Amino acid sequence: MVLLFLCLFFCEAFFASEALGFSSEDRRGRTASGVTVASSFADEEGDKGDALFELVLLKDKAEEGDPDAQFELGRRYLQGVGLERNDVMALHWVRAAAQQGYARAEAGLAWMYAVGRGVVRDDVQAFDWYKRAAENGYMVAQRMLGKCYEKGVGTAVDADRARFWYEKAAEQGDEYAVARLKALSQPVQSGHGAYPVHAGSGR
């Protein structure tokens, strides 16, 4: 089975519009270690073989239901890393991980709805998925949820809820959230940049 998928992925990668390879960051966000000054053709072929084999194993794990692998496979389809970019497949795998409560995937799915990648743009869906990821403790989603409440994107404007989620993100070191908290704490003159505060507690 592994050899069969290896063959299929090799064919897909050979005809892909972008060269086979990895981005400057791996799945954990770490930069690739070591610097290659020169490499032979044999070394390059070996690297491609290793990358393809890793891709096969990743796909196997994703199909077995591993949310980390599902999210990573979706990310690679979204960015065209190691295979041809495909927003439909990206959505499939990111959604699969998000539906298991995987916070990074929930935030990723929110982003796809927010910008209309693989789906029709939907601010309400984006808000809902950012909220799930934020409640799961994902810093980026907490910042984005604060922004949604501040600007009224996918929900009613609610300054109190915006501050609440910016504070959550700031506690984890998010500089944007810190900056927004400072801005929101400044007194605003009536009629100059003030925005209404939603009376409810937020969604």
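Modeller: A salt bridge here is a side-chain nitrogen of Lys or Arg within 4 Å of a carboxyl oxygen of Asp or Glu. Keep in mind that this is a predicted model. Searching the whole structure turns up 13 salt bridges.

Let's start with E54 and R76, whose side chains pair up at 3.4 Å, N to O. E54 belongs to helix α2 (residues 41-63) and R76 to helix α3 (residues 67-79), so this pair ties together parts 22 residues apart in sequence. R76 counts as buried, at 4% relative accessibility, while E54 is partly exposed with a relative accessible area of 34%.

Next up is E150, which is buried with a relative accessible area of 4%. Its side chain meets K151 in a salt bridge (3.9 Å, N to O), and R180 also forms one with E150, the closest N and O atoms being 2.3 Å apart. R180 sits in helix α9 and E150 in helix α7 (residues 139-151), so that bridge links parts 30 residues apart in sequence. Back at E54, salt bridges with shared partners join E54, E72, R75 and R76 into one network.

R180 also turns up where α8 meets α9: R163, Y166, E167, A169 and A170 in α8 touch Y176, A177, V178, R180, L181 and L184 in α9. That contact splits into eight nonpolar residues, no polar ones and three charged. The axes of α8 (residues 159-171) and α9 (residues 175-185) come within 8 Å and cross at roughly 140°, and the two helices are therefore oblique to each other. The crossing of α8 past α9 is left-handed.

Definitions and conventions: Residues are numbered from 1 along each chain as its sequence is written. This is a predicted model: local features need pLDDT of at least 70, side-chain atom pairs count only at pLDDT 80 or more; totals for chains, interfaces and linings use all residues. Side-chain values use heavy atoms; hydrogens and water are left out. Axes are lines fitted to C-alpha atoms, for helices over the stretch in contact, and angles run from 0 to 180 degrees between N-to-C directions. Helices (H or I, at least four residues) and strands (E, at least two) are DSSP runs, numbered from the N terminus. Angles under 35 degrees count as roughly parallel, over 145 as roughly antiparallel, 65 to 115 as roughly perpendicular and the rest as oblique. A crossing is left-handed if the near helix is turned anticlockwise from the far one by less than a right angle, and right-handed if clockwise. Contact means heavy atoms within 4.5 Å. Ala, Val, Leu, Ile, Met, Phe, Trp, Tyr, Cys and Pro count as nonpolar, Asp, Glu, Lys and Arg as charged, and the others, Gly among them, as polar. Buried means under 20% relative accessible area, exposed over 50%, partly exposed in between (1.4 Å probe, protein chains only).
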